[in-house]
Amino acid sequence: MEPLQSLRGMVDLLPSATATWQRIEATAREHFRRAGVSEIRTPLLEVTELFARGIGEATDVVGKEMYTFLDRGERSCTLRPEGTASVVRAAIQHGLLNQGPQRLWYGGPMFRYERPQAGRQRQFHQIGVELLGVADAESDAEAIAVAWDLLAELGVGGLQLELNSLGTPDDRVRYRAELVAWLEAHREQLDSDSQQRITTNPLRVLDSKNPATQALLAGAPTLADALAGESHERFARVRLALEALEIPFVLNPRLVRGLDYYSHTAFEITSNQLGAQATVCGGGRYDGLVQQLGGPATPAVGWAIGLERLVLLLSQAEAGEAAAAATPLLYVISRGELAERQALLLTCRARQAGLIAERDSSGAAFGKQFKRADRSGAPWAAVIGEREAADGVVVLKDLRGDGPEQRLAAGEALSWLVELTT
RNA sequence: GCGGGCGUCGCCAAGUGGUUAAGGCAGCGGCUUGUGGCGCCGCUAUUCGGGGGUUCGAGUCCCCUCGCUCGCCCCA
């Protein structure tokens, strides 16, 4: 019989890895609590139209990466490819936006049908923050600070914050026209990829990896020059706020995020240790999205961190810590039916008393059980053989020192161990 | 979706057309049927991701397929 495998790009997290994930989640939860950000949980499945309208029909995410299917009622459903659209939908649906600014975070799996590679899976996990109903430039910086500080708290080093301003939709429309005109004029000198993008997504040409194209682009009109005065001032305020927070950043005028809903501030936090998929965190302002999804005009900023990429950046020291946390204090050895029942009882009582206890269920010779007790790393072994079982006692043995074995009633042995650890 | 690399035991890994597929770790058993850590001995792949083909003969060559991986694209 052929064993079954997980679907391509769908990854199991084995016990050796989950401790790291739990630490990230716990750290994030506490970090958000201090930042006054509350958790929101939305369904993994949404009507397809939500993403088509929210993210943009022309984007790669919507155009070719969504897990979309018809349910039994013939509705087109999509496994969420990102979190923002769902959060905004939920906020609108439940009238949250009538109650003042909403500071929300979410986490969980996202789905994108792409070719897997390092730091990229078809089911991946994000943790993200959305600040809805905040308009000021300082809030952009605050959102970035929440992400930056979280990464710092987790101990991720070597990160770079890249920053750009996309201006208002008007700015972008105007710039887009200028850029397209310029690109058309230089069409012959562009690589074929870029030529195609003139019509599909002209701003993306700026990001071309083709060196000749890059050289040519030095003479192209820049988005920064096309920004209206207000957009310019706004961006300056964001930068001043980041400087005040002492969060270093580099301006990246080519940073054009792939989702349609961004305006003004766009940023990415990248690492040079991730290979091609260098972005750990990406986000920005999206003032038009709420309205576009049928809600009241609501300014907003947000970001998402890719957890798989974050895990890649965390050191292996984690694995060691996790193993240590699972080391039992007490290893219970037994042989014989009555003894095994008493061993089970002792083990569960020990756990109820707050001790990490493990029971050997092999029924093997004591020699074997002691060997396993030793390997478990437990400092104490409780031994229950037929004699102990008959007398209702246990033998407590110090596996690390060479103190004498103690023969105690089960309850005494437990309270003795509890005292030892407090 | 497009290119490149790879796929031998749970993990690491030798093997590059010719009898029985090294070794290490882990696991299990024994020396030691009530006392561990060391040591010694033994066991664990009729099979080399799967399927076809070439050949007297294939883990080793070819084709297809699945998976992983790196890059492109895109993004977290």
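Predicted model: local features only at pLDDT ≥ 70, side-chain atom pairs only at ≥ 80, totals over all residues.
**Domains**

Chain A is divided into two parts by the assignment: domain 1 covers residues 15-168 together with 228-317, and domain 2 covers residues 327-421. Taken over C-alpha atoms, the centres of domain 1 and domain 2 lie 50 Å apart.

An open sheet is built from 8 strands in the order 1-5-6-11-10-9-7-8, with mixed pairing. Its edges are strand 1 (38-39) and strand 8 (250-251); each has a single partner strand, so one side of each is left without a neighbour in the sheet. Ser-38 has Leu-104 of strand 5 as its bridge partner.

Strand 10 (residues 279-285) belongs to this sheet order. Burial covers 6 of the 7 residues of strand 10, which is thus mostly covered. Strand 10 pairs with strand 9 in the antiparallel sense over 6 bridges, and it is joined to strand 11 (residues 300-306), also antiparallel, by 5 bridges. Ser-263 is partnered by Arg-285 of strand 10, while Gly-284 is partnered by Gly-302 of strand 11.

| Strand pair | Sense | Bridges | A bridge partner pair |
|---|---|---|---|
| Strand 9 and strand 10 | antiparallel | 6 bridges | Ser-263 and Arg-285 |
| Strand 10 and strand 11 | antiparallel | 5 bridges | Gly-284 and Gly-302 |
| Strand 12 and strand 13 | parallel | 3 bridges | Val-332 and Arg-359 |

Strand 12 is mostly covered, with 5 of its 5 residues buried. Strand 12 runs parallel to strand 13 (residues 357-359), to which 3 bridges join it. Within strand 13, Arg-359 is the bridge partner of Val-332.

Helix 18 (residues 410-421) has 12 residues, which at 1.5 Å a residue should span 16 Å; the end C-alpha atoms are 17 Å apart, in agreement with that expectation. Ala-413, Leu-414 and Leu-417 are buried in helix 18. Viewed down the helix axis, the buried residues fall within an arc of 95 degrees, so they line one face of helix 18. These buried residues pack against strand 12 (330-334), helix 15 (337-352), strand 14 (380-384), strand 15 (393-398) and strand 16 (406-409).

In soluble globular proteins, nonpolar side chains tend to be buried together. The largest nonpolar core here holds 47 residues, of which Leu-132 and Leu-183 touch the most other members. Helix 4 (residues 84-93) supplies the largest share of this core, 5 residues. A second, separate core has 43 residues, among them Trp-21, Ile-127, Ile-144 and Ala-145. Apart from neighbours within four places in sequence, Leu-183 is in contact with Leu-190, Ile-198, Pro-202, Val-205 and Leu-217.

Arg-89 is placed in helix 4. Its contacts, leaving aside neighbours within four places in sequence, are Pro-43, Glu-46 and Leu-50. Although Arg-89 and Leu-50 are 39 residues apart along the chain, their C-alpha atoms are separated by 7.9 Å.

Glu-114 occupies the loop between strand 5 (102-111) and strand 6 (123-132). The relative accessibility of Glu-114 is 16%, and burial is set at under 20%, so this residue counts as buried. Not counting residues up to four places away in sequence, Glu-114 touches Glu-65, Arg-120 and Arg-122.

**Residues with positive phi**

Most residues other than glycine have a negative phi. Glu-74 has a positive value, near 65 degrees, and His-264 also has a positive value, near 50 degrees. Glu-74 is found in the loop between strand 3 (67-70) and strand 4 (76-79), whereas His-264 lies in strand 9 (residues 263-271). With a relative accessible area of 61%, Glu-74 is exposed; His-264, with a relative accessible area of 10%, is buried.

Terms used: Residues numbered from 1 in each chain as written. Chains lettered and ligands numbered in written order. Heavy atoms only, no water. Helix = DSSP H or I, 4+ residues; strand = E, 2+ residues; numbered from the N terminus. Buried < 20%, exposed > 50% of the residue type's maximum accessible area, 1.4 Å probe, protein only. Domains from an automatic or database assignment. Core = buried A, V, L, I, M, F, W, Y, C linked by side-chain atoms within 4.5 Å. Contact = heavy atoms within 4.5 Å. Expected span 1.5 Å × (residues − 1). Arc of directions from axis to C-beta. Pairing = 2+ DSSP bridges.
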